[in-house]
Amino acid sequence: MNVDVTAKNQADWYQDAVFYELYIRAYRDSNGDGNGDFRGAIKKLDHIQSLGVNCIWVMPMYPSPLKDDGYDVADYLGIHPDYGTLADFKAFLDAAHARGLKVVTDMVMNHTSDQHPWFQAARQDKHSPYRDYYVWSDTGSEYADARIIFLDTEPSNWTYDEVAGQYFWHRFYSCQPDLNYDNPQVHEEMFNALRFWLDMGIDGFRIDAIPYLYEREGTNCENLPETHQFLAKMRRMVDEEYPGTLLIAEANQWPHDLLPYFGTEEEPEFQVCFHFPIMPRLYQAVKAGDKTPIVDILNDTPEKPAGTQWMTFLRNHDELTLEMVTPEVRQWMWEQYAPEPRMRLNLGIRRRLAALLDHDKQKWFLLHALFLSLPGTPIIYYGDEIGMGDNIWLPDRHGCRTPMQWNNNLNAGFSSYENTYQPVLAEYPQVNVAAQEDEPDSYLNLTRFLIRARQGQAALRRGEMAWVETGDTAVLAYRRFIHDEGVLCLFNLSSQPQRFALHHERRDLLSPEARLSGTIELKPFAAHWLVLA
Ligand code: GLC
């Protein structure tokens, strides 16, 4: 049974989709100012479409001082001038839709930039109606149980503002004051921002940093009941006014704390939640040659409500977060994957996928075959489809956000201007889209092949999952199945050959010529998606 994954009117299209994370500044510069923009991205939609993905997630494109790369929003109703105009955004959206690609954007709800006019008005006048849009204190001593997230840079979640004469609350950089969700006016402002973009025709939002919307004394200020009440109210609004809108939760939490973000049948919240904890365990398992971390986290993941979905990823624009592992595993992961201190950031690793794997294509293939066959809607981060590297000498997370490498012309074909927003990686003459187009085993063509193979199997997109016993911690096997279709997913996580006994003759979707039966040898780091022959 082949479901048409581009079906536009199918309400739960996100169950079948593969997403592509687009950093607009990095993609293609159309006007020669060194920054990518929407006019440039329109020219590259063919590339995105050629991957076989169904939806683009656009990272923040709002006016912003870019102190946190746009996650510091100065105006929720505009486009950053470096990226174009509202008309350019609309043209991008229409061009994507014309190709059957959906578009969701980031919505940063927890905080604004300190340059947002609301904050500027708030700090200057205690009696301004905007004062109560933010969270203030005379002492900066409240909510002491809330952890600091940007550990490497922020000494406290409170910062004293000279102009205001008070401390303001912020969970991220001190240039990102948290909004005060105890003020219903803030709800209305946010709803109006959602309406603005939905009126333009976007398909949904990735809602940023949602665990932190409310603060309450004596708690860790995460996942509070008040936060869930607000999120259910937001879902009611979009369901009533813009039915079919997709809401995706970014909550870096353990599975049992994540589950409530789906809400209940009566009070739904998000259709899709990022599954953060699985991600580091995929890297851990491949490095250790031991499937245990993957099996354990999936066994610990509760059943989700019907119609909802997890979102899975190998990398994104942030550091590879190690918040959701034990301190011992974190230390081990740092030693294995970030031997140099510069590669570490906060509780994570600021490196790109291919670099983490030492550009080993076999491991890259294994990790993708694993990730693309697990339950959940997968996201590919721009550049990972060509095995782009990173630049650990750039600050913060910028080393993983360098210009996309299109060809071996000046600036990798990204921009005609010498001073690009960040330097293009020196590897670009070898690692670029054009060079990989005609090479059958390039990262690019393997990405296309794997996505196509997944899209062809309803069992991989929507199926149930059941473990298959292999008697060996290095050999991971599970079945994905729906109706009478099934795929046996089989992986050798180790550098040693292994054996596995098949009960039926099988065809390997990952190596279409191969017919396999009896006891088969699994090569080091081998991946197989097996269907009945
Ligand atoms: C999210 C974003 C991250 C940003 C943070 C604060 O975690 O992914 O890039 O810095 O929110 O907005």
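1. On a 1 Å grid over the protein atoms alone, a pocket is an open set of points with protein on both sides within 12 Å along at least five of seven lines, a cavity is a set of points where a 1.4 Å probe fits but cannot get out, and lining residues have an atom within 4 Å of a point. The largest pocket is lined by 29 residues, and E303, K304, P375, G463 and E464 lie nearest its centre.

2. The model is predicted, with local features needing pLDDT of at least 70 and side-chain atom pairs pLDDT 80 or more, while totals for chains, interfaces and linings use all residues. Residues are numbered from 1 along each chain as its sequence is written, and side-chain values use heavy atoms, leaving out hydrogens and water.

3. The volume of the largest pocket is about 700 Å³, a volume being the space filled by probe spheres set on the grid points, which are joined across faces, edges and corners. Two or more lining residues come from each of α10 (292–299), β10 (309–313), α16 (458–462), β15 (464–467) and β16 (475–482). β15 gives the most, with 4 residues. Helices (H or I, at least four residues) and strands (E, at least two) are DSSP runs, numbered from the N terminus.

4. The structure holds 4 cavities of 30 Å³ or more. The largest cavity has a volume of about 390 Å³; 27 residues line it, with I149, F150, F172, E250 and D318 closest to its centre.

5. The ligand sits in the largest cavity, in the sense that more than half of its atoms lie within 2 Å of the cavity's grid points. Around the ligand are 13 residues, each with a heavy atom within 4 Å of it. Of these, D68, H111, D208, H317 and D318 come nearest.

6. Which side chains make polar contacts (pairs of N or O atoms within 3.5 Å) with the ligand? Among them, R206 has a side-chain N or O atom 3.1 Å from a ligand oxygen, D208 has one at 2.9 Å, and E250 places a polar side-chain atom 3.0 Å from a ligand oxygen. The protein covers 95% of the 310 Å² of accessible area that the ligand has on its own, by the Shrake-Rupley method with a 1.4 Å probe.

How values were computed
Polar contact = N/O pair within 3.5 Å; in protein donor to acceptor, adjacent residues only side chain to side chain.
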